[in-house]
Amino acid sequence: MFPPQSDVFKKLIAHCKEYGFVFPSSEIYDGLGAVYDYGQNGVELKNNLKKYWWDSMVLLNENVVGIDAAIFMHPTTWKASGHVDAFNDPLIDNRDSKKRYRADVLIEDLLAKYDEKNQKEIDKAAKRFGDKFDAEMFRQTNPRVLENQAKRDEIHTRFVKALHDNDLAELKAIIEDNEIVCPISGTRNWTDVRQFNLMFSTEMGSTAEGATQVFLRPETAQGIFVNFLNVQKTGRMKIPFGIAQIGKAFRNEIVARQFIFRMREFEQMEMQFFVRPGEELKWYEYWKEVRLRWHQALGLGDHKYRFHDHEKLAHYANAATDIEFEMPFGFKEVEGIHSRTDFDLTSHERYSGKSLKYFDPELNQSYVPYVVETSIGLDRTFLSILAGTYAEEDLGNGDSRVVLKLPPALAPVKVAILPLVKKDDLPEKAQEIMDMLKFDYKCFYDEKDSIGKRYRRQDAIGTPFCVTIDHQTLTDNTVTIRHRDSMEQERVAIEALSEIIGKSTSIKELLKKI
Ligand code: ATP
């Protein structure tokens, strides 16, 4: 039997640490809340993921170019973007446990519990009735399901309205009326709900009087907006066109949990696509589909992704959806796709006093473009890939293995070079092969322990190929190559290696599937 989800998640976190993917930040000082470091394998996987995203934007689309803006920006940027006044989360404290929660998340968790309850009823009935079972009919007629659904809908309606009206007292009332308890203390001893701004600030300048308060950017998007005309003019870009960027963002998250899912320092990969006013919803639909295909091309299973349209649109959006992935703790957002209208550019025009209009030669008119944004969290995508590929396999005869079935193009190490024994000139021959392959592929040389143990170590970090050099190699220049997923081995000529490895580990193979 497969272990329960939370066990899988715990094992995954331990695995990440044990195999050099992710470490808690400054661990020797007991770590820092929701800040993590990527280790020797993590950074390779992360870099490959960045390349996959970057190439899918700037190689595959001739009208998308990249930039790399600074983390610090003029403080007025954040007034204009609305972050100073409106980048808040509603927080609530439990007086007994002294734990702090996001009020909206407590209510969302409750809604998810009702959904789970109903799903359980449906699954139970499906088992009982077999092939004849009609889930939709059951949903519409079963009294228990109907009662749950009615309760859920009532809470949901109140919740959406409270968010929309920014009604903090009503959020608290929903928590109290539904008897939501603190998971730690188990009590309902809640404080009032308050707003909390998520931006980190620091000071720039050498003297106390001369210092200016600056913010660590909470999103990369604004660096793109303020550079919109620079790029458009110097790149002679014609609308529609996009600007892509990968970079760090910082948020003082109230509740930082679930490992690298919610961090205080994280990385975003964003693309802002500038379009004619009135055409934004067409492009919104277009990028929704393209972005879903990008995720699906990773091969983790199409059923693990779904769209989740926003109930409360952000102050800047006229349409918004999330791409969610089925994490070990449920379906969660990994990417947001937003139709941001002309909110940002118009606001920057107003605050800076500079025109950010584009002259459209085909229409012979100037306008502020509308923007469709795709914003994906690099760390969350990293987590989704690890969660989607981590497997514990029973190999029979009491043997088992842990394997990361990573898409080969993303694997930190592409090929392990393993001399069968540490003598008889095998290490030298292995080194020769390594020297031949290392210019194209990240290789790992290992001569310690039995070959079986070495295979297991490579399985655990997701290396798609192991090449073993034995005595026969010295006579006929052939080696065995072992495939990670099937564990099959074949004897091949050394000259054939590069082509075999290249075929399945190239990012091009992923890009072609989008
Ligand atoms: P959430 O609702 O989970 O807080 P969000 O809707 O505020 O996320 P966006 O502002 O749309 O997130 O940011 C775009 C992407 O950046 C998200 O889809 C997510 O992948 C990533 N992201 C946002 N906040 C964090 C965080 N604290 N840690 C890691 N990744 C994050």
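**Entry 1: S13 and S16**
I looked up strand S13 (residues 330–341) and strand S16 (residues 370–377) in this predicted model. They pair in the antiparallel sense, over 6 bridges. I then checked Glu335 and found Ile376 in S16 as its bridge partner.

**Entry 2: the sheet around them**
Which strands make up the sheet, and in what order? I read the order as S3-S9-S10-S16-S13-S12-S11. This is an open sheet of 7 strands, and its pairing is mixed. At the edges I found strand S3 (64–66) and strand S11 (305–309). Each has a single partner strand, so one side of each is left without a neighbour in the sheet.

Then I turned to helix H13 (residues 378–389). H13 lies across S10, strand S12 (319–327), S13 and S16. I noted that H13 runs at about 50° to S16.

**Entry 3: H2 against H11**
How do helix H2 (residues 40–59) and helix H11 (residues 280–296) cross? Their axes come within 12 Å and cross at roughly 145°. The crossing is right-handed. I listed the residues that meet: Leu49, Tyr52, Trp53, Ser56 and Met57 in H2, with Trp287, Arg291 and Trp294 in H11. By class, I recorded 6 nonpolar, 1 polar and 1 charged residues in this contact.

Methods:
Residues are numbered from 1 along each chain as its sequence is written. This is a predicted model: local features need pLDDT of at least 70, side-chain atom pairs count only at pLDDT 80 or more; totals for chains, interfaces and linings use all residues. Side-chain values use heavy atoms; hydrogens and water are left out. Axes are lines fitted to C-alpha atoms, for helices over the stretch in contact, and angles run from 0 to 180 degrees between N-to-C directions. Helices (H or I, at least four residues) and strands (E, at least two) are DSSP runs, numbered from the N terminus. A crossing is left-handed if the near helix is turned anticlockwise from the far one by less than a right angle, and right-handed if clockwise. Contact means heavy atoms within 4.5 Å. Ala, Val, Leu, Ile, Met, Phe, Trp, Tyr, Cys and Pro count as nonpolar, Asp, Glu, Lys and Arg as charged, and the others, Gly among them, as polar. Two strands pair if DSSP finds at least two bridges between them.
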